Amino acid sequence: PTPSRTRPTPSRPQNRNSQDQNSLNRAMKQILALLTLASAATLFAQEATMDDKSAAAELAKKLSNPVASLISVPMQNNWDFGIGAANAMRYTANVQPVIPFSLSEDWNIITRTIVPIIYAEGTTVGASSKCGLGDINQSFFFSPKAPSAGGWIWGAGPVFLYPTATDDALGSEKFGLGPTAVLLKQENGWTYGLLANHLWSVAGPASRADVNAMFLQPFVSYT
């Protein structure tokens, strides 16, 4: 009799299935890696956005604080109308640099200088207009670096008036001094407080009027 031959079952389909499974596993790992990187990038972008918003909010908070440890140069524009017999107008641009200095671990000194640039029409009929620098006002606030237990921020010190006007009509020609103080609180996005000073002239021409002036400025802002 002719011996029977049994053909072995080919194993190629099994090898192919194994290769397909390995390829699928590698693809899944690559997809998971890409998803992980994308999630990390999204989280990083969200954290960066939150950091930017926090930094902007903190900067706005400091700008609202007259005695913050921050160099700033605010500008203020003032118009006065109906002055004198000529119904004159006076425009004043106040350049107000604020510069802090650290005295110790607990205290700052903050200088607040007001430099007025003035355009003033003549207050009598036929009088000429004047333009130039007015009298400079400079305050020195000694302020603790940390708020009080109740959250209040304060500063106090001397204020000086310098006779720097470039024209007699734009200044007092008097040197003056006095006390100044600021008190404020910042909570829930609000900043509110009061800035005050009082000036008395102590030197200058006797022909010019003495200076005896109080300044009160309440303020409130929301950031």
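Mentor: Buried means under 20% relative accessible area, exposed over 50%, and partly exposed in between (1.4 Å probe, protein chains only). The model is predicted, so local features need pLDDT of at least 70 and side-chain atom pairs count only at pLDDT 80 or more, while totals for chains, interfaces and linings use all residues. Residues are numbered from 1 along each chain as its sequence is written, and side-chain values use heavy atoms, with hydrogens and water left out.

Trainee: Does Ser 143 count as buried or exposed?

Mentor: Ser 143 belongs to strand S6, residues 136–144 (strands are DSSP runs of E, at least two residues, numbered from the N terminus). Because its relative accessibility is 1%, Ser 143 counts as buried.

Trainee: Which backbone oxygen does the side chain of Ser 143 reach?

Mentor: Beyond four places in sequence, the contacts of Ser 143 include Val 67, Asp 106, Ile 110 and Gly 155 (contact means heavy atoms within 4.5 Å). Trp 154 is another residue in contact with Ser 143. At 2.7 Å, the side chain of Ser 143 reaches the backbone oxygen of Trp 154.

Trainee: How many residues does the largest nonpolar core have?

Mentor: Such a core joins buried Ala, Val, Leu, Ile, Met, Phe, Trp, Tyr and Cys residues through side-chain atoms within 4.5 Å. Among the members here are Val 67, Ile 110, Phe 141, Ile 153, Val 182 and Leu 184. Val 67 touches Ile 110, Phe 141, Ile 153, Val 182 and Leu 184, as well as Ser 143. With Val 98, Leu 195 and Phe 219 also included, the number of residues in the largest nonpolar core is nine.

Trainee: How far apart in residues are Lys 130 and Asp 167?

Mentor: The whole structure holds three salt bridges, each a side-chain nitrogen of Lys or Arg within 4 Å of a carboxyl oxygen of Asp or Glu. One of them joins Lys 130 and Asp 167, with 3.9 Å from N to O. Lys 130 lies in strand S5 and Asp 167 in the loop between strands S7 and S8, so the pair links distant parts of the chain, and the separation is 37 residues.

Trainee: What distance separates the closest N and O atoms of Arg 208 and Glu 173?

Mentor: Arg 208 is partly exposed at 24% relative accessible area, and Glu 173 is partly exposed at 29%. The closest N and O atoms in their salt bridge are apart by 2.6 Å.

Trainee: Is Lys 174 buried or exposed?

Mentor: Lys 174 forms a salt bridge with Asp 210 at 3.3 Å, N to O. Asp 210 is exposed, with a relative accessible area of 63%. Lys 174, at 4%, is buried.

Definitions and conventions. Helix = DSSP H or I, 4+ residues; strand = E, 2+ residues; numbered from the N terminus. Polar contact = N/O pair within 3.5 Å; in protein donor to acceptor, adjacent residues only side chain to side chain.
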